[in-house]
Amino acid sequence: MENVVSKEAIKRAVTESLRNLFRKTVDTATDAQLYEAAVYALRTVFTEKWIKTHDQYKEKDVKMVYYLSMEFLMGRFFGNSVMNLCMYDTVKEALEELGIDYNAIENTEADPGLGNGGLGRLAACFLDSLSTLEYPAYGCGIRYHYGIFEQKIENGYQVEYPDNWLANGDFWAIKRPEYEVEVKFGGDVRTEVKENGELRFIQENYSSILAVPYDYPVIGYGNNTVNTLRLWEARPKNFFDLQSFNAGNYAKAVEEQNIASTITEVLYPADEHIQGKELRLRQQYFFISATVQRVIERFKKDHSDFKELPDKVAFQLNDTHPSIAVAELMRVLVDENNVPWDEAWDITTKVCAYTNHTIMSEALEKWPVELFSRLLPRIYMIIEEINRRFCIELVQKYGNNPGRIHDMSIIADSQIKMAYLAIVGSHSVNGVAKLHTEILKNQELKNFYDFYPEKFNNKTNGITQRRWLLHANAPLAELVTDTIGDGWITDLSQLERLVPYADDRQFREKFMQIKRDNKLALAEYIKETNGIEINPDSIYDIQVKRLHEYKRQLLNVLHIINLYFRLKENPEMDIVPRTFIFGAKAAAGYRMAKNIIKLINSVADVVNNDPDVNGKIKVVFMANYCVSLAEKLIPAADVSEQISTAGKEASGTGNMKFMLNGAVTIGTMDGANVEIHDEVGEENIVIFGLSSDETARMRREHSYNPWDIYHSDERIRRVMESLVDGTFSKNNKDMFRDIYNSLLGNSNSDEYFVLKDFASYTEAQERLERIYKNKDEWSRMAVLNTAKSGKFSSDRTIKEYAEEIWNLKPVHIEL
């Protein structure tokens, strides 16, 4: 793509925006106003491409994929947009000539928390790849007003605050009220007989809200494609009841507005109570119904035969949350467009495809029939019919086998199993790493794999190298480009050409100097934000991800406690200084996860202030982990902690980001770690712990008793007792009692094999330290991790989806 926008044009657009929007000059504008003006200057560059992209999609009548996701963790837009427009130097120089600090502009932008971790960040990486590879696509989700939450640490505890990312405005979105649709909840379903004898179903006495789309640009790298992220916002049909207001009933006057706004206020509201469960279900149906209705309206403008829909539309269900799309598409086809059931079902199953992201039971959603049928009566009737017909198929194949039919039924035990609906209603079911897919086929979804073997396939996750190397680690990106050229930016497999440079001392020295510079920058940032001084020559051992027991931040902490006790016993012990860095949000209602955050911070308070330790180990918890914080942490990491219980992590993508930036992985053979091991080689990754087969066998045979570990390992006894003797709780012996009980409460405790893997993990940590002491060996491992990360690009993953699931063709956009 040739850059035709001059530096002078950017300067002119910024100054004119300041004048027209704020009646300000560069000298008098605030940082927020300068940022907004810079965004509008960029919009003069990409808006024409955005228009042309969708005009040409329409002219060519292309097939479009709609990526349906509850989460899109996009990160900041400004820097990523400048990068993908290939205008970094132009924009930076233009701003500097105006006296504006480019970095200050980037840092002024809010980092919207519209996701909770890997699921939402994967969706964002996929959108980047779809645009860069020129595939026609929409991302479809919810415009949460407050996202997940802003995490603050108070007295060591996580406290949640609203993430008010819209407080200063939303300058990237275009509101599209002309495309608003009505979404219906509750009421009754009336049937009447049509002329052909078929039944028509009519929903009555319902309450409804309006879904209004906001469109965000997704700019492809180095091309003219600008796809769209469409986020739906809830609006009441009537904003204000003037009669109630004039009668003095002020609460009722805005009641409808308040009900609507709750739907798009917060991502993943706490659902320990029925109101929270109902709100989550409303959220899921809200954005799915809005998307499906809009897609069908768009299709009908140019087509009259719904049999053509699978040739023009693909729905990808990003995990179980959007699985209600199967039933909603059936409703729109059958009820609103008079498509016969069998034809509608054939269309639906060809349009929908399902990605399973986890085997954790809480993510395989199940809705109580009472709640679901009350809130979505027609959708429930459709799922009942889908299930009835599916059960007939099961009987035809397996005969009268009540046990199997019960186990596979979409509706059973007064619950609707949404993952089963997605499997039955899709033509493709994919896992997200080879091991994960095999576990789905052979364990968790074995019955469905036996019934639908042709549906199951693997699509190992990936990350966009443009965000996670080119943008997040510009000095390393520059070294790579100077060494092998810039082809890796759109073809990450070219990093393989770096392999010979692992034996080039001069290259390794440059590589490690960049790492040290990144470590110095992070040390400065930690001093500024946390008030903790860390040693840039220490090993930066980083674990950043959603806080969940299966991800085993607790195993990491127990190892730190053990290392602390060893130093207390022998303050002169010769170890390489270590800085253990954590970042994680715990779900607001997840008590154990929040207790683990408190434990991390309590251990940090003791360790960081003990003169016997003398700075040899430091523990840091970075609050409010998000994309922009990850961009600071990942390039500085020496060690990447990927230590989930084997068989529990579907894939992981943080492991790929760290690898790309030259960190060495310590991990279990779980998720994509298995494939990282295969790519980089056993000598360039540190593997420990039980295998997924071993954990599955122990669960099956009930052969693991954590008390056996406690009685046989003095280190475990000492570490565990420190949780309940006041060592880390200022003599409050009950503060961490729940954590203790989760591991040693009874013979069935320690669900995630923390104590079982402790000895192996400790030995792996000691192995890491020995390798790190050999600078040549360590630098060679670091270079090879970057060089061997080519497989893990989201570009590769998206090509596989496009070619093997969606049958989607790239479309080159001409200006």
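# A first look at this chain

Of the 815 residues of the protein chain, 61% count as buried. The model you are looking at is predicted. Its secondary structure comes to 34 helices and 23 strands. The C-alpha atoms fill a box of roughly 90 × 75 × 65 Å along the principal axes. For 815 residues, a compact globule would have a radius of gyration near 28 Å, and the 27 Å of the protein chain agrees with that. Among contacts with a separation of 6 or more, 76% come from residues 24 or more positions apart.

Let us begin with a sheet. Strands of a sheet pair through backbone hydrogen bonds, either parallel or antiparallel. Here an open sheet of six strands runs in the order 20-19-18-21-22-23, with parallel pairing. Strand 20 (617-621) and strand 23 (686-687) are the edge strands, each pairing on one side only. Further in, strand 18 (residues 539-544) and strand 19 (residues 578-583) run parallel and are joined by six bridges. Asp541 has Phe580 in strand 19 as its bridge partner.

Gln765 sits in helix 32 (residues 758-773). Is Gln765 buried or exposed? Gln765 counts as buried, because its relative accessibility is 2%. Apart from residues up to four places away in sequence, Gln765 touches Asp541, His559, Arg578, Glu641 and Ile666.

Another open sheet has three strands in the order 13-15-14, with antiparallel pairing. Strand 13 and strand 14 (411-412) each have a single partner strand, so one side of each is left without a neighbour in the sheet. Two bridges pair strand 14 with strand 15 (residues 415-417) in the antiparallel sense, and Ala412 stands opposite Gln415 in strand 15.

Glu365 lies in the loop between strand 12 (352-355) and strand 13 (366-368). Glu365 is buried but has no salt bridge. Which side chain of opposite charge is nearest to Glu365? That is Arg280, 5.1 Å away. The side chain of Glu365 does make a polar contact of 2.9 Å with the side chain of Gln284. Beyond its neighbours within four places in sequence, Glu365 is in contact with Gln284, Thr320, His321, Ile416, Lys417, Met418 and Ala419.

| Side chain | Partner side chain | Polar contact |
|---|---|---|
| Glu365 | Gln284 | 2.9 Å |

## Helix 13 and its cover

Helix 13 (residues 341-351) has these buried residues: Trp341, Ala344, Trp345, Ile347, Thr348, Thr349 and Val351. What covers the buried residues of helix 13? The cover includes helix 11 (309-312), strand 11 (313-318), helix 12 (325-337), strand 12, helix 15 (377-398) and helix 17 (418-424).

## Val606

Our last stop is Val606, found in helix 24 (residues 591-608). With 22% relative accessibility, Val606 counts as partly exposed. Leaving out residues up to four places away in sequence, Val606 touches Tyr564, Thr727 and Phe728.

How values were computed: Residues numbered from 1 in each chain as written. Predicted model: local features only at pLDDT ≥ 70, side-chain atom pairs only at ≥ 80, totals over all residues. Heavy atoms only, no water. Helix = DSSP H or I, 4+ residues; strand = E, 2+ residues; numbered from the N terminus. Buried < 20%, exposed > 50% of the residue type's maximum accessible area, 1.4 Å probe, protein only. Contact = heavy atoms within 4.5 Å. Pairing = 2+ DSSP bridges. Lys, Arg positive; Asp, Glu negative; His and termini not counted. Salt bridge = Lys/Arg side-chain N within 4 Å of Asp/Glu carboxyl O. Polar contact = N/O pair within 3.5 Å; in protein donor to acceptor, adjacent residues only side chain to side chain. Rg over C-alpha atoms; globule rule 2.2 N^0.38 Å.
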